[in-house]
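This report describes the charged side chains of one protein and the way they pair. Please keep the sequence and the model at hand while reading.

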Amino acid sequence: MADKSVEDIVARGERPAGNGQTTRHNGTPVPSENISVTAGPQGPVVLNDIHLIEKLAHFNRENVPERIPHAKGHGAFGELHITEDVSQYTKAKLFQKDAVTPLAIRFSTVAGEAGSPDTWRDVHGFALRFYTEDGNYDIVGNNTPTFFLRDGIKFADFIHSQKRNPATGLRSAEMQWDFWTRTPESAHQVTYLMGDRGTPKTSRHQDGFGSHTFQWINEEGKPVWVKYHFKTRQGWETFTDEEAAVVAGQNADYQREDLYNSIANGDYPIWDVKVQIMPVEEAENYRFNPFDLTKTWSQKDYPLIDVGYFVLNRNPKNFHAQIEQLALDPSNLVPGVGLSPDRMLQARVFAYADQQRYRIGPNYRDIPVNRPINEVNTYSERGSMAYFFNEESEPNYTPNSYSKGAGFLDNGEDSSSNHTEYGQGADLYVNPEPHGSDIGRYAYVKHEEDDDFGQAGTLYRDVFDDGEKERLVHNITNAMNGITNKDIEERVYQYWTNVDENLGQKVRESLAKKRGA
């Protein structure tokens, strides 16, 4: 992280300072920001006042769709400092002793809309983005260690029950309690919600949790299960129901304002980072299901382990660009960190990224606040708002014969060889994250006569008649028209030789004959 400061993260996306002359979006100087073009002093405004039309059209499109849950939020930037050695548990670079990693944070409420008061009784989102040298790592949690559900299939229904009645457009206690009482697994979280944690006084005066069970993996490949705890050094402060209602009426942005002002005044809030670690072999028979998001792990069984702390020391420079467009996503993982069988986590891994694609487009990760600080090298392309593109010489597919991806398979074997992805085990493809299942990147199970070319050879030799064989060779060589790379051409000959040795030779001879004609 040495050459990447928090300021680098915050400042990305700022337009360079100009000379005071405003311009249109294409850079053309604007004659006036105050007077429209009209047909005479008393005439109508003309349609070809391009700046006027552009200004109003952009204004009409300023807002992006708000998040469905967690719509009301605010955030800041800071740094994660690791003070303890936890390398025995994880190889993740951001968690190595003395590492300092830039971060962004978003606090939120769950049920209210973007303009709702942030002091309403609610679970409060506590979501962190770490800009690491191995990519962005997001921990998207709450100010509670549990949640209302243990299975993501219920999530949309839960959120509907907390939102507005579709008939009246009003919030409905009846809807909320109807869902909760018919979903007994919610009891633990509802107890937290109805207690003091439901009305924290400020974002600074509350704890945060990763809530889910995650996996840490060390350099030797040994996994453990982990839960994150973020303990405020500011101490807990909460409102009563009555106090929260008064503040909501006086200042709907009370918590947003408090965080902004505290940072602006140099009163930087700090949270201690701690974890609980459970050995994998103890998970199967632990007294609670360790992957059930409605449960906690006893701290008597698995005490908190110190990791470090994080501090928030910079406010956003533009709320929309850096907080509203901050697209936090639990599928943003880095080496040394994995998922778990937590069904809510598994569902969120899809749902969060998908909502961001809807809200701010398929290329949302290229927005400055979402862009990793390390190099991004991907075969994804196009889509609306494509901010970046690959060099014209780079292929947009894999495997390939060029520098990007280099045509190599996951095990490093050159894909140009007579390679088969059949196999009996998952040693080359295994994912270290599974537990209690056989999930992994397994090669296709090989049966007695399986290979990639055998049935193609049978089709050529035993099914095609002489005319079909001749036309096949003719069609193949026609389709090779345009190949200029000699390595690729040789690979085509080998490809058909693998199907049938005689066929490979016929293709070579046919193409040579056509080129000589």
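A salt bridge is taken here as a side-chain nitrogen of Lys or Arg within 4 Å of a carboxyl oxygen of Asp or Glu. The model is predicted, so that local features need pLDDT of at least 70 and side-chain atom pairs count only at pLDDT 80 or more, while totals for chains, interfaces and linings use all residues. Residues are numbered from 1 along each chain as its sequence is written, and side-chain values use heavy atoms, with hydrogens and water left out.

**Overall fold**

The protein has 14 helices and twelve strands; these are DSSP runs numbered from the N terminus (helices H or I, at least four residues; strands E, at least two). Of its 517 residues, 42% are buried, where buried means under 20% relative accessible area, exposed over 50%, and partly exposed in between (1.4 Å probe, protein chains only). Contacts are heavy atoms within 4.5 Å; among those between residues at least 6 apart in sequence, 68% join residues at least 24 apart.

**Salt bridges**

The salt-bridge rule gives a count of 31.

| Pair | N to O distance |
|---|---|
| Glu54 and Arg24 | 3.5 Å |
| Arg204 and Asp258 | 2.7 Å |
| Asp366 and Arg371 | 2.8 Å |

Glu54 and Arg24 form a salt bridge. Because Glu54 lies in helix H2 (residues 50-60) and Arg24 in the loop between helix H1 (6-11) and H2, this pair ties together parts that are 30 residues apart in sequence. Glu54 is partly exposed, at 22% relative accessibility.

Arg204 and Asp258 also meet in a salt bridge. This pair links distant parts of the chain, 54 residues apart: Arg204 is in the loop between helix H5 (187-194) and strand E5 (208-209), and Asp258 is in helix H7 (residues 254-264). Arg204 is buried at a relative accessible area of 10%, and Asp258 is buried at 18%.

Elsewhere, a network of salt bridges links Arg150, Lys154, Glu185, Asp292 and Lys295.

**A negative surface patch**

Asp465, Asp466, Glu468 and Glu470 gather in a surface patch of negative charge. Patches are made of residues with over 30% relative accessible area and no salt bridge, like charges being joined within 9 Å. Asp and Glu count as negative, and the place of a charge is taken as CG of Asp or CD of Glu. Glu468 belongs to helix H12 (residues 466-479) and is partly exposed, at 30% relative accessibility.

Technical notes: Patch = residues over 30% accessible without salt bridge, like charges linked within 9 Å, V, L, I, M, F, W, Y side chains within 5 Å. Areas by Shrake-Rupley, 256 points an atom, 1.4 Å probe, with all protein chains shown as cover.
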